[in-house]
Amino acid sequence: MPKIEISHLTKYYGRKLVLKDISLNVEEHEVVCLIGSSGSGKSTLLRCINDLVPFEYGSIKLDGVSIYDSGFDVRDLYKRIGIVFQAYNLFPHMTVLDNITLAPRKVHHTAKRKSEAYARELLSLFALGDFADSYPEQLSGGQQQRVAIVRAMVNRPEVLLLDEVTAALDPELIGDVLAVIKDLRKKGMTMLIVTHEMGFARDVADRVCFLDGGKILEEAPPDQLFQNPRNPRTRQFLQRIIEAGRL
Amino acid sequence: MSSKRPAPLKRAGRTLKVRDKYGPAVISVTSVLIVTLIIRAAVVHAQQWPRIKAQFFSMKAIIEVFPNVLKGFGINMSIWAVSLVVIALWALLLAVFRSLHGPWFAPLRVFSIVYIDLFRGLPSLLLVLLFGFGVPALQIPGLPRTSLFWGSAALIMSYSAYAAEVYRSGIDAVHTGQRTAAKALGLSQWQTLYYCILPQAVRNVIPSLLNLAVALQKDVALLSVLGIRDAVREAQIYTARTFNYSSLIAAAALFLAATIPMARLTDYIAKKDRERRLQGAV
């Protein structure tokens, strides 16, 4: 049984069709990258999976159970699927430690000492041990994004969604964040990654999906998709990326 | 180098003369002084000045009435302080009602919208008269019957409508990404508001709220129409007895002594807040 099973997903924003009949399975421990130009529906697809935005038709199943199933506790869903955003979205008035332990303490009612101990453990694992008591604005963009990853990891999610996590970073800070994601892959994390970093997608993905106009036009292992794309739109997209020097 | 020696007067390598350093300040002070003296001379030499002085600035009258006016001013400031606390809390609640999502909260949302439209659209004086005279006249058992209570309530209701709108602008100004992040962590609507949105919103609107506090500081004088013996009422009583208006000037001085420092404090906090935001934007 696939970890995530998306079938015939269709989503409208008002009257605008943004996702057209999308079907995609993600196996456990698999890393799937979603690529495509802006407005192709990648981020919306990601946000549908953990119910941040509603969809109209089709279904999304986690371990075979629809996320719209009445027996599915939403808090359980948010615990099992973590998400990291492009703009980090850390809470600026809280310390790094409070940012990370907010959900364990207030949503999952873990004891403060226990959740802080685990948060500190994760922080040092991600080379952020010294920043537990800092505020987000005192950190660099790359550090903030790594804190955001820790915040998503602290609930011990089964799936991690990454939404263009390096798009807002200075080029010299991207490497640190990508290294963290590669590390998570080694540990067997199931991940769905929206990215513009084609080199990274090639390194880290088991499968790459090319989205265009709300549809998955091509889905293949990275070597095949990047070296021998079948769809003319994919070829055109990759050609432009190569011309821009990003691959 | 000896630490006692004054710092050399230099700017970008150029040696500055004493004139360059103190010149601007000296010119500012002298020019203001000269203009003031000219205006003063014009006023004092005006034919009507002695009458104006006797009518409005009689030291004798001011000294005589001051203890009463000061006592009344104490009432003004107590009403102000208590109202401030109630307004800050009640307006926050109204703003929270208005920002709640979901069909179950529709009654609270509608209540908040109607309340704000109503009380923002009515003159404070009208509300003070309506509540201060009207409600005590009903003689409802179990409710306070003093016009002090109901007059203050009218001010609180009126100002809460404004303050609620200020809070709401603060809530709206918090980036949507914060709500999304809180939701993705599993926080409920209330938890999102309480832990993530409100702390940021309140911090953002403190300067605007302080501006309202300054406005309220003078508007508490509206309660004098109810016969409450505040500073303005005490001054009026004296005026009615002696046909001398110096008592009102005494009350005016007291209000200025309270509002000007408050306005300066507001400016200072607003400036700090602006600096904080600019720093955050880097």
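The largest nonpolar core of this predicted model has 131 residues. Here a nonpolar core is a set of buried Ala, Val, Leu, Ile, Met, Phe, Trp, Tyr and Cys residues joined through C-beta atoms within 7 Å. A residue is buried if 20 or more other C-beta atoms, placed from the backbone, lie within 10 Å of its own, exposed if 12 or fewer, and partly exposed in between. The residues with the most contacts inside the core are L34(A), V150(A), L161(A), L162(A), L192(A), A163(B) and Y167(B). Helix α3 (residues 59-99) of chain B gives the core its largest share, 13 residues. In soluble globular proteins, nonpolar side chains tend to be buried together.

Take a look at Y167(B). Leaving aside residues up to four places away in sequence, Y167(B) touches A91(B), L92(B), A95(B), A201(B) and V205(B); a contact means that the C-beta atoms, placed from the backbone, lie within 7 Å.

Residues are numbered from 1 along each chain as its sequence is written, while chains are lettered from A and ligands numbered from 1 in the order in which they are written. As the model is a predicted one, local features need pLDDT of at least 70 and side-chain atom pairs count only at pLDDT 80 or more, whereas totals for chains, interfaces and linings use all residues.

Now to chain A, which holds nine helices and ten strands; these are DSSP runs numbered from the N terminus, helices being H or I with at least four residues and strands E with at least two. Of its 247 residues, 44% are buried. Its C-alpha atoms fill a box of roughly 55 × 45 × 35 Å along the principal axes.

Within chain A you can trace an open sheet of four strands in the order β2-β1-β4-β5, with antiparallel pairing; strands pair if DSSP finds at least two bridges between them. At the edges lie β2 (16-26) and β5 (65-66) of chain A, each pairing on one side only. Strand β1 (residues 4-13) of chain A is joined to β2(A) by seven bridges, and the two run antiparallel. Here I6(A) stands opposite L24(A) in β2(A).

Finally, see where the chains meet: 17 residues from chain A and 15 residues from chain B take part in the contact. On the side of chain A that touches chain B, α2 (74-80) and α3 (96-106) of chain A each supply at least two residues.

Conventions:
Two residues are in contact if their C-beta atoms, placed from the backbone, lie within 7 Å.
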